[in-house]
Amino acid sequence: MLPALYIFLIAVCILPTLPGLIGVIMAALGYMPALGLHHFSMQGFAQVFQWQGIGHSLGLTFFITLLSTYLACFFTFAILQSGWGTRWWRRIEAALNPLLAIPHVAFAIGFAFLFAPTGMGIRALYALIAPTFDATSNTPLLIQDPYGLGLILVLALKETPFLLLMSISVLKQLNVQQTEQVAASLGYNRAQTWLKCVFPQWLSKLRFAIFAVIAYGVSVVDVAQIVGPTNPPTFAVLVWQWFSDPDLQLMPRAAAGAIMLFALGSLLLAVAFCIEWLLTKGINQWLWSGRKAFRLPGKPVFVLLVSLTALIIPLLSIWSVALRWRFPDLLPSRYSGRFWQLEWSNILSTINVSVVIALISASIALVFAIVAHEYRIKHKWHIPNYIIAIPMLVPQLSLLFGLQVLTLYTNIHHYGVWVTWAHLFFVFPYVYLALDGVYRSYDQRLTQIGLSLGKSPLHVWLKIKLPQIASALLFAWVIGISVSLAQYLPTLMLGAGRISTLTTEAVALASGSDRRITAIYALCQALIPLCFFIFAHVINNKNASTTGKVRSTNNELSYQ
C-alpha cells in the first residue's frame, strides 16, 4: 500500500515538473502548433532583449531578491541570537503562528495603506509635525518606489517568520545548549558563541529554506504589483504582462521570458551558495581570529515585525468602514458598513471557493507528506529532498506555462480540478518540510518496540506515533491551507480566469480600485488563515491539557 501511494505521489507532485519545463522551453523556441508555429526559432528571445528597459528590470530583480533574502536572514539570526533558550523565546514561538498566518498579499496591502503618500503613517507624521511637513508631497518612499525599497522590506519581513520556523528544527539538531556550555568554558560570551560557532552551522543547514526564499523573491508577482516598482517593473511582473498580452503570436516572447526568469533564479541560487561557501569556508578567518563579536538587535527587530503585522488588521478594518476620510485627518470623519453590504454576496462565494480549494489541497498534501516521510524511513531508495522542493526552488512562471499547456492537451475543462492540482503541486513541499524536523527527531525505537510486541505497522502508527506527532501534523496542515490561500499565479493560469479566490480579487482590486473594497478583500484574506491557526492552537492546547491530566492521575494512582 505504501509503495503504491508513494508512486502516486511522484506522479502527481513531482513528475509534472518535467513537462512543465519542457513545455515552456518548446514555446520559448517558437514551437507551438496550436498557434500555427511549427518551426523552431530564437525570435522569442530576440523580442525579450529588444524590450526597452529589460536590463534595468533584470538588475532590479537581482538586487531586490538578493537584498531582501539576506535582510530576512539577518533579521532571523538576530532574533535567534537574542531569544533562543531564554524565557523570551516562548513569546516568539507564540507569535510565529499569527505572523505566518497573514498572507503576503494582505500584508502588502496593509503596508501600502500604511506607507502610501496618503497612508496612515504619513497622516500620523503630519499630526506630529504639521508645521514643518509637506502634506502635498506625492514622492513614493516605500510604495512603488523606483528602487524597490518597499518591496525589499515587505519580502524581508514576511520571510522572517518562515526562516524562524525552519530554524527551530535546525537548531534542535545542532544542540545549541551544549555548544554554549563548551564555548563558555573557553571564555566566549553568548554573542561570540552564536556568531562563531552556531552561525556557520545554521547557515549551511538552512540552505534549502534560503533557496526557497530566493525562488519566491525572484518570481513574486502579486506583492510586486502592489508595492514594487512600476517603470520598469520587476522581471517577473514584466513576464506576467507578456503572458497576459492578447496577441497570442507573442507567446514565445513570454515563454522566453520565463526561461530567462529561471536562469536568473538559478544564478541567484549559485550566488547564495557562493556566499555561504565564502562565509563558512572561503574567508573564514573571522571564525577563529580573536573573540570580537557584536550582539544583534534581535528584540527591536522582532518588535518591529510584530508591530507592523499587528497594525494591518486594525488598519484594514478602519478602511473597510470608512465613508469619508480626508487627508491629512488621522481618522475618518464618517463611517458606514454599506461597502460590506454591497460586496458581501460576492465575498461569500469567493470565500467558499478559496476555502474549499485550500482544504482539499492541504489535506491531500498532508497525506502525501506523511507517505513520503514514512517511505523514506522504511526504504533505502527515496526521492531526495531537493527534488521534492523543486516547486519551491523554481520560479512559478517557469513551471506554470508548461503545466498550462499540459492541461490544454488533456482537453479536460474542469478548471476547479486543475486549480486544486496546481495548489497541491506548490503546497506539498511546504507541508513536507514542515514535518521534516518532527520526523527526524522522532525516536524510531518506540515503533520498533511496538512491532516487537506483535502489533501491526498501522496499529503502531495510530496508537504510538500519531499521538506524539499529532500537533505537528495539525500545524503542517494549517500551513498548507495558508499557502494555498495565498496562491495567485497558479489560480489565474490554471483556472483560465474562471476561478476567483480572495488572493486574485485582492490583487486585482489593489491595482486601482476603491480602497474600501480592497480593504474588505484583504481583511478577509488575512482573517481566514488566522482563524485556522487559532483553531489549531486551541485543539493542541486541549490535547496538551488532557494529556497532562491523564499523567497527573496516573502519578497519583501510582503514589497511592
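User: Where does V321 lie, and why is V321 called partly exposed?

Analyst: In this predicted model, V321 lies in the loop between α16 (298–320) and β1 (322–324). Its relative accessibility is 26%. Buried would need a value under 20% and exposed a value over 50%, so V321 counts as partly exposed.

User: What does V321 touch, leaving out residues up to four places away in sequence?

Analyst: V321 touches R334, Y335, S336 and W340. There is also a C-alpha separation to look at: V321 and R338 are 17 residues apart along the chain, and their C-alpha atoms are separated by 7.8 Å.

User: Let's move on to R516. Is R516 buried or exposed, and how do you know?

Analyst: R516 is found in helix α26 (residues 515–559). Its relative accessibility is 16%, and the cut-off for buried is under 20%, so R516 counts as buried.

User: What makes the approach of the R516 side chain to the backbone oxygen of A322 a polar contact?

Analyst: Happy to go through it! A polar atom of the R516 side chain lies 2.4 Å from the backbone oxygen of A322. The limit for such a pair of N or O atoms is 3.5 Å, so the distance of 2.4 Å falls within it. The backbone oxygen of L323 lies 3.3 Å from a polar atom of the R516 side chain, which is within 3.5 Å too.

User: Which residues does R516 touch, not counting those up to four places away in sequence?

Analyst: They are W319, S320, A322, L323, R324 and F339.

User: What makes Q144 and N175 worth a look?

Analyst: Most residues other than glycine have a negative phi. Q144 has a positive phi of about 55 degrees although it is not a glycine, and N175 also has a positive phi of about 55 degrees without being a glycine. Q144 sits in the loop between α7 (120–128) and α8 (149–174), while N175 is in the loop between α8 and α9 (176–185).

User: Why do Q144 and N175 count as partly exposed?

Analyst: Q144 has a relative accessibility of 34% and N175 a relative accessible area of 38%.

User: How do you know that the peptide bond between N231 and P232 is cis?

Analyst: Its omega is about 0 degrees. Most peptide bonds are trans. P232 lies in the loop between α12 (222–227) and α13 (235–243).

User: Last one: why is the chain called as compact as a globular protein of its length?

Analyst: The chain has 26 helices and 2 strands. Its radius of gyration is 25 Å, close to the 24 Å that the globule rule gives for 560 residues, so the chain is as compact as a globular protein of that length. Buried residues make up 51% of the 560 residues.

Terms used. Residues numbered from 1 in each chain as written. Predicted model: local features only at pLDDT ≥ 70, side-chain atom pairs only at ≥ 80, totals over all residues. Heavy atoms only, no water. Helix = DSSP H or I, 4+ residues; strand = E, 2+ residues; numbered from the N terminus. Buried < 20%, exposed > 50% of the residue type's maximum accessible area, 1.4 Å probe, protein only. Polar contact = N/O pair within 3.5 Å; in protein donor to acceptor, adjacent residues only side chain to side chain. Contact = heavy atoms within 4.5 Å. Rg over C-alpha atoms; globule rule 2.2 N^0.38 Å.
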